[in-house]
Amino acid sequence: MKITLFFAAGNYAETLGIHRVSQMNGVGKRMPLTTLAFTLGALGMIGIPPMAGFISKWYLGLGALEAGVLLWVMPVLIASSLLNAAYFLPILYRAWFLPADPWPDEHIKAQRWETHGMLLWPPVITASLALLAGLFASLPFSPLEWAQLITAREYK
């Protein structure tokens, strides 16, 4: 999820010359797939279902319950989600809902859709994988299944 955010930030910088959050007004209308990928990455970092970030936090909470350390782990997980929400949600609001300002240095003009494909596909693929890892976490051969298998072999 975090690499998706970095990929999207790189797309904004390369395509529109955006280097500050304050320059992101309306970028979702100009670069919808990049911004959708950024949105999925941000929601995953917050821990919103059904993203992989939610599954991770859920299992950390279950592990804390089993280990008897729930009293300090749960506040850390909740604080993490709240802090992530505090800094990602205003960015998402700015990107999707505020009217667009002129961008600092638009390298790829609006008549060409989004950005170059070699820049577009990495965040789209990583955001899709983070979503799929959350949606299909209970299926065989999922990352969660592998983690459970390794943990069972090492610690039981």
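Biologist: How many residues does helix H1 have, and how far does H1 reach from its first C-alpha to its last?

Modeller: Helix H1 has 15 residues, and its reach from first C-alpha to last is 21 Å. That is close to the 21 Å expected at 1.5 Å a residue. Please keep in mind that this is a predicted model.

Biologist: Which residues of H1 are buried?

Modeller: A residue is called buried when its relative accessible area is under 20%. In H1, Thr4, Leu5, Ala8, Asn11, Tyr12, Thr15 and Leu16 are buried. They cover an arc of only 120° around the axis, and therefore lie on the same side of H1.

Biologist: Against which helices do these buried residues pack, and what follows H1?

Modeller: The buried residues of H1 pack against helix H2 (27-30), H3, H5 and helix H6 (117-135). After H1 comes Gly17, with a positive phi near 75°.

Biologist: May we turn to H6? What are its number of residues and its reach?

Modeller: H6 has 19 residues and reaches 26 Å from its first C-alpha to its last, close to the 27 Å expected at 1.5 Å a residue. Its buried residues are Leu120, Pro123, Val124, Thr126, Ala127, Ala130 and Gly134. Seen down the axis of H6, these residues fall within an arc of 165°, so they line one face of the helix. What covers them includes H1, H3 and H4.

Biologist: Which exposed residues does the face of H6 turned away from its buried side carry?

Modeller: That face of H6 carries the exposed residues Met118 and Leu129.

Biologist: Let us consider the whole chain. How many helices and strands are there, and how far does the C-alpha trace span?

Modeller: The protein has seven helices and zero strands. Its pattern along the sequence is α-α-α-α-α-α-α. The C-alpha trace spans about 60 × 30 × 20 Å along its principal axes. Of the 156 residues, 38% count as buried. Among the contacts with a separation of 6 or more, 74% join residues 24 or more positions apart.

Biologist: Which residues touch the most other members of the largest nonpolar core?

Modeller: A nonpolar core joins buried nonpolar residues through side-chain atoms within 4.5 Å. The largest one here contains 18 residues, of which Tyr12, Ile18, Met24, Val27, Phe38 and Phe88 touch the most other members. Helix H1 (2-16), helix H3 (32-46) and helix H5 (70-97) each supply at least two residues of this core. H5 gives the most, with five residues.

Biologist: Which residues does Phe88 touch?

Modeller: Not counting residues up to four places away in sequence, Phe88 touches Leu5, Phe38, Ala42, Met45 and Ile46. There is also a second, separate core of five residues, including Ala37, Leu40, Met51 and Ala130.

Biologist: Where is Leu40, and with which residues is Leu40 in contact?

Modeller: Leu40 is in helix H3. Leaving aside its neighbours within four places in sequence, Leu40 is in contact with Met51 and Ala127. By contrast, the C-alpha atoms of Leu40 and Leu83 are separated by 17 Å, and these residues are 43 apart along the chain.

Biologist: How much space lies in the largest pocket?

Modeller: The general idea is that rolling a probe the size of a water molecule over the atoms shows where empty space is left. In this model, the largest pocket holds about 550 Å³ of space. It is lined by 20 residues, and those closest to its centre are Tyr59, Leu144, Ala147, Gln148 and Thr151. Helix H4 (52-67), H6 and helix H7 (143-155) each give two or more residues to this lining. The largest share, nine residues, comes from H4.

Biologist: To finish with the backbone, is the peptide bond from Pro49 to Pro50 cis or trans?

Modeller: The bond from Pro49 to Pro50 is cis, with omega near 5°. Pro50 is found in the loop between H3 and H4.

Biologist: What is the phi of Phe141, and is Phe141 buried or exposed?

Modeller: Phe141 has a positive phi of about 70° although it is not a glycine. It is in the loop between H6 and H7. Residues over 50% relative accessible area count as exposed; Phe141 is therefore exposed, with a value of 70%.

How values were computed. Residues are numbered from 1 along each chain as its sequence is written. This is a predicted model: local features need pLDDT of at least 70, side-chain atom pairs count only at pLDDT 80 or more; totals for chains, interfaces and linings use all residues. Side-chain values use heavy atoms; hydrogens and water are left out. Buried means under 20% relative accessible area, exposed over 50%, partly exposed in between (1.4 Å probe, protein chains only). Helices (H or I, at least four residues) and strands (E, at least two) are DSSP runs, numbered from the N terminus. Contact means heavy atoms within 4.5 Å. The expected span of a helix is 1.5 Å times one less than its number of residues. The arc is that of the directions from the helix axis to the C-beta atoms. On a 1 Å grid over the protein atoms alone, a cavity is a set of points where a 1.4 Å probe fits but cannot get out, and a pocket is an open set with protein on both sides within 12 Å along at least five of seven lines; lining residues have an atom within 4 Å of a point. Grid points are joined across faces, edges and corners, and a volume is the space filled by probe spheres set on the points.
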